[in-house]
Amino acid sequence: MSKTALITGATAGFGAATARLFVRHGWKVVATGRRRDRLDELVRELGEENLFPAVFDIRDENAMKEALASLPSEFSEIDLLINNAGLALGTKPAPDIQLDDWRVMIDTNVTALAVITQHLLPKLIERQGIIINLSSVAAHWPYPGGNCYGGTKAFVRQFSYGLRCDLHGTGVRVTSIEPGLCESEFTLVRTKGDQKAYDETYKGAKALQPEDIAETLFWVASQPAHINMNSIELMPVSQTWNPFRIYRG
């Protein structure tokens with residue numbers, strides 16, 4: 001019997017690559033996102049018997065609950081929740097940011113992730129399922145302009161650890177995945193479509209690819225039921241850490 005994964009933010013990048021990989025390995029996938037056209041493309045590519053598109057904004061709690069309550073029976077038994085939906089907005093230092101950008105990051109990366117997780121916990125406990133949360137190396141390593149984004153990803157990591165404690169004895173596994181530089185729409189979203197910034201970010205870097213993250217997620221989900229990966233931090237070989245800065249003014 002095939003298992004079912006629910007993947008948030010499946011319209012591009014990590015989410016779309018993960019949906020493709022899991023379907024290829026025989027899973028059913030509930031793919032969520034705001035862009036119906038992107039989800040419809042995935043359905044055409046992967047087959048309506050394999051992938052169900054759930055169209056809603058992850059920040060809209062009522063829309064989320066309505067969409068999940070109306071899942072077809074063949075997609076309703078969720079064994080795996082992959083909290084992938086998230087974003088960064090802006091690269092300016094904290095005094096110069098647009099406050100609305102912080103609000104959107106918090107609403108998406110923190111609040112919405114917590115809400116959908118809590119909503120699905122009864123089903124995941126019933127099925128002794130898996131929760132995989134997409135955090136970031138920014139949860140550990142601060143950098144200029146990372147301010148609120150890094151804070152939201154630190155929440156995701158610590159929330160994952162807290163879930164592990166609260167789900168003790170249920171058989172539910174929880175993992176925080178913490179990627180470094182990965183080539184996707186992430187930078188285009190962060191810079192509001194600045195193609196030059198995108199090109200400069202990834203030029204010559206041999207960055208991680210969405211397929212690399214998908215493979216990592218599938219590996220975690222494929223481990224025996226008695227093994228829990230608490231967290232996995234991964235970077236391209238080209239990326240390491242900067243020295244500490246010193247202001248000498």
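Biologist: Start with the sheet. What is the order of its strands, and is the pairing parallel or antiparallel?

Modeller: This is a predicted model, so read every value as computed from it. The sheet is open and has seven strands, in the order S3-S2-S1-S4-S5-S6-S7. The pairing is parallel.

Biologist: What makes S3 and S7 the edge strands?

Modeller: Strand S3 (51–55) and strand S7 (231–234) each pair on one side only. Across the sheet, neighbouring strands are turned by 15° against each other on average, direction ignored.

Biologist: How do you know that S6 and S7 pair?

Modeller: Pairing takes at least two bridges. Strand S6 (residues 173–179) and S7 are joined by four, and they run parallel. Ser176 stands opposite Ser231 in S7.

Biologist: Which residues of S7 are on the covered face, and which on the uncovered one?

Modeller: Ile232 and Leu234 form the covered face, Ser231 and Glu233 the uncovered one. In a regular strand, side chains alternate between the two faces of the sheet.

Biologist: Now the helices. How does the span of H1 compare with the one expected?

Modeller: H1 has 12 residues. The expected span is 1.5 Å times one less than the number of residues. Just after H1, Gly26 takes a positive phi of about 95°.

Biologist: Why is H1 called largely enclosed?

Modeller: Nine of its 12 residues are buried, so the rest of the structure largely encloses H1. Among them are Phe14, Ala17, Leu21 and Phe22.

Biologist: Why does Thr18 count as buried?

Modeller: Buried means under 20% relative accessibility. Thr18 has 1%, so Thr18 is buried. It lies in helix H1 (residues 13–24). Beyond its neighbours within four places in sequence, Thr18 is in contact with Ile7, Ile82, Ala214 and Leu217.

Biologist: And why does Thr240 count as exposed?

Modeller: The cut-off for exposed is over 50%. Thr240 has 58% relative accessibility, so Thr240 counts as exposed. Thr240 is in the segment after S7. Its C-alpha is 21 Å from that of Arg190, which is 50 residues away along the chain.

Biologist: Why are H1 and H2 called roughly parallel?

Modeller: Angles under 35 degrees count as roughly parallel. The axes of H1 and H2 cross at roughly 20° and come within 11 Å. The two helices are therefore roughly parallel. Their crossing is right-handed.

Biologist: Which residues of H1 and H2 meet?

Modeller: Ala16, Ala19, Arg20 and Val23 of H1 meet Leu42, Glu45 and Leu46 of H2.

Biologist: Which residues of H1 and H8 make the contact?

Modeller: H1 contributes Gly13, Phe14, Ala17, Thr18, Leu21 and Phe22. The H8 residues include Pro210, Ile213, Ala214, Leu217 and Phe218.

How values were computed
Residues numbered from 1 in each chain as written. Predicted model: local features only at pLDDT ≥ 70, side-chain atom pairs only at ≥ 80, totals over all residues. Heavy atoms only, no water. Buried < 20%, exposed > 50% of the residue type's maximum accessible area, 1.4 Å probe, protein only. Contact = heavy atoms within 4.5 Å. Axes fitted to C-alpha atoms, helices over the stretch in contact; angles between N-to-C directions. Parallel < 35°, antiparallel > 145°, perpendicular 65-115°, else oblique. Left-handed = near helix turned anticlockwise from the far one by under 90°.
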